[in-house]
Structure formats: structure tokens, C-alpha cells
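Please look at the sequence and the structure below, and then follow the report that comes after them.

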Amino acid sequence: MSWTTPADLRAQVQRLWDRGELLRATVTDAMAWPLRLSLKAPSAADLSDRFESVRDWVRALGETPQVRIEWREWNHRVQGVQRLPAVVWLDTLQAALAFIGKVRQAQRFAALWQQTAVMQPALLAWLSRRPLQALDLADRWERLLAVVAWLQAHPRPGVYLRQVDVPGVDSKFIETHRGVLTELLDLSLPPEAIETSATGVAQFTRRFGFLDKPLRIRFRLLDSALPGLPGCQALPGVLADITLDAASFAAMTLPIERVFITENETNFLAFPAVAGSIVVFGAGYGWEALARAAWLHRCQLLYWGDIDTHGFAILDQLRGHFPRAVSFLMDRETLLAHRPHWGEEPEPVRHDLPRLTPGEAAVYDDLRFDRHQPRLRLEQERVGFGWLCDRLARTLLFCSHGRET
């Protein structure tokens, strides 16, 4: 049976609710009343062939609360005069809300609207655009408005989120609601208080002028002759393992010629001693902290990542900040020599990487086009330590000869 049922009528009204139209109609003249609902009624043939079913359908529709039915009479050649629903109406917004059981929710939204109109009228546009989301935030809405008001009074405050002094609000609350707060603050703050280049929830603090926790760089001195930092002591036979904030790292003046970067902590800790060198524990795709250190541009940078598509993508991004960076142990010979240790990369990348050298690009193409095996990956910690030491000695010898010539 394809005739419209009471459940079908409710589904039509529920769709209006799900699109936010009924909530908007609660506070604006966004909808015209009465509202006509779609109705598919029995045909003349149905009256002849399925008379009892038609009679049950008429009874169910006639007993449906909240709706108003326009009837019409059919003079059927077999059944005689029959009275059937022709049009179904909802006369008022209240009837529509009651029909789907949303009266209390609509009242709550209307209260949010009135509160916002008094406290932050610029945000009424957001409420109109996202009424269902506002309703979900009803128990937190007053605190969200309070955060907005605090930032209006303290634009680009230059403090940590922990220092926002609003009753009932802590840094966890702000961090949890960064997405909606970004939308609200974009509407309510003056343009000069917003750094529009900082996008996404991860850059919420920079967008609105908060302090962010400092980026940290961890590195080891690979040469015992290098001057240590004040108060920095290592165990006997162990070279210093140091962590600095990015600004302090950028201000270093160590006499360093060479910087190795590795993504694996064990490789970082076990990296052999090398004169005039340090090893940095890498940061994946985030190179902004290292890029602040201008002195790195006078050093030779050697990047050691996994031999997989993401490893080469990270190398490509590193060269966006340090064009002269070279790869280390990411060559075809190393890959083929460690076949027993091959693994599988979960989600390879496939796009072109324009900053790779021809040799690197050839290995990357082998990987992204599955020429050896699907989703091939050689993790850097699976490269033999003897292989590392041998290749390291070759690299240093090559660099030494390069200086001599």
C-alpha cells in the first residue's frame, strides 16, 4: 500500500525540523501557515478492490491529532457515496511542533534567541543558520557567550587559555568548543582582533591572540668536544640528550657543521658519535619549529626517514624550508638489502613530490606504483646498525673529500 499514513505525515514534518526550518519559524516569519502536507490517497480502483483497507486508512488518518483534513465525497459506482481525505493541513507552528513532540525544544530555542538578542545580537545570524546545533549547546550557551564577551573586552589578550577568568569556564571548556567558538568570535570580534591566516581548530590560539604552549625540539650532541649547555650533564659514555623550546633552539650558537634528523626515537638515542654534529628527533610533517633556527641553513641537513611514501612526503616538505637538505639511508640499495624486514604501509600517498631528487623520485615511484609489492614499507628502525655505521662512514668520507676539493 502506497497511501500516505500518519507516520508519513509525521516524517514530512520531522524533515522540516531536521533542516532547522521549524526552529527558525519559532523566532522569525520564515514559514507561512497553514502548512499543506503531501497526501497520496486511494484511487477509484482501490475503493472497488480494497474497500476494507481504504476504510481502515480513512479511520487512521481521521484520528490523527493536530492535523486538519479537507474531505471530498466520491460517488463510487459500487460502494456508493464515500467521504475521503483530500488535503491535510497543519494550521499553526504550535500544531506542527506538537505533531512531532518538539514543543519544549522549540521553547528552549526561543529562550536562547532572546538571551542572545540581549547579550550578543551579532550572533543571532549564527543561531538562525545553525538552530539545531544551538539547541544541542543550550546547557553551555551562556558560558559560550561569556567567553565571547571576555574576548570582546580583551582582544588578542596574549595570555594562555588557562588565564581566561570567566565563571564556570576553564581551558578544557574552551579547547573542547574551539570549533563553535571560532564561528562565534568571527562574527562578534572586530577584524583587527582576528588573524585570518590561522585556520582550523588547531590554530585557535593564534587566530585569536592567545599564547600557545611552546614547540619543543629534542636533540643529542654527537660530539663530546661540543660545548654543553649550562647545567646539562650526561651519563658517562652517553652524549647529552637535550630538549629546548623552539625559540631557545633558534638562538643556539654551537659550532655545528652537520645535523641529522631521524623520526624514530630508538635511532635517535643510538645514533653513533659524529664530529661537529647533532641529531634531532624529527617532527613528522611539522617543520615550522626547526625553520625558526636560521643557523641551520649554514649546516648540512641529512634526513633519515622510513622508506615508504610518507617518508618521502616528509622529506619533500622539509625541503620546503631547507632546500639543500639531503636524504640518508632512503635509497634503493638500502631498501633491497633489507627485504626480510619489509612491511606494509597502511595508507600510502600517491601524489607527485616535486622536491625529490631524480634518485629519490625513482624510489618513491617504485613505492607509490607498487612495483616491488603493494604498499611496501621499510621502517627506519629495521635498517641494520652495521649498515647504518657503514653508510655513515661513507657519507662523512664523501663530505670530507668534497671539502678538500
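## A phenylalanine in a loop

Phe322 lies in the loop between helix α16 and strand β9 (326–327), where helices (H or I, at least four residues) and strands (E, at least two) are DSSP runs numbered from the N terminus. Because its relative accessibility is 4%, Phe322 counts as buried, a word that means under 20% relative accessible area, with exposed over 50% and partly exposed in between (1.4 Å probe, protein chains only). Beyond its neighbours within four places in sequence, Phe322 is in contact (heavy atoms within 4.5 Å) with Leu290, Ala291, Leu296, His297 and Leu301.

## Basis of the model

This is a predicted model, in which local features need pLDDT of at least 70 and side-chain atom pairs count only at pLDDT 80 or more, while totals for chains, interfaces and linings use all residues. Residues are numbered from 1 along each chain as its sequence is written, and side-chain values use heavy atoms, leaving out hydrogens and water.

## Two packed helices

Helix α16 (residues 309–321) packs against helix α18 (residues 358–368) at an angle of about 145°, with the axes 9 Å apart; axes are lines fitted to C-alpha atoms, for helices over the stretch in contact, and angles run from 0 to 180 degrees between N-to-C directions.

In this packing, Thr309, Phe312, Leu315 and Arg319 of α16 meet Glu360, Val363, Tyr364, Leu367 and Arg368 of α18.

Trp150 belongs to helix α9 (residues 141–153), whereas Phe210 sits in the loop between α12 (204–207) and β4 (216–221), 60 residues apart.
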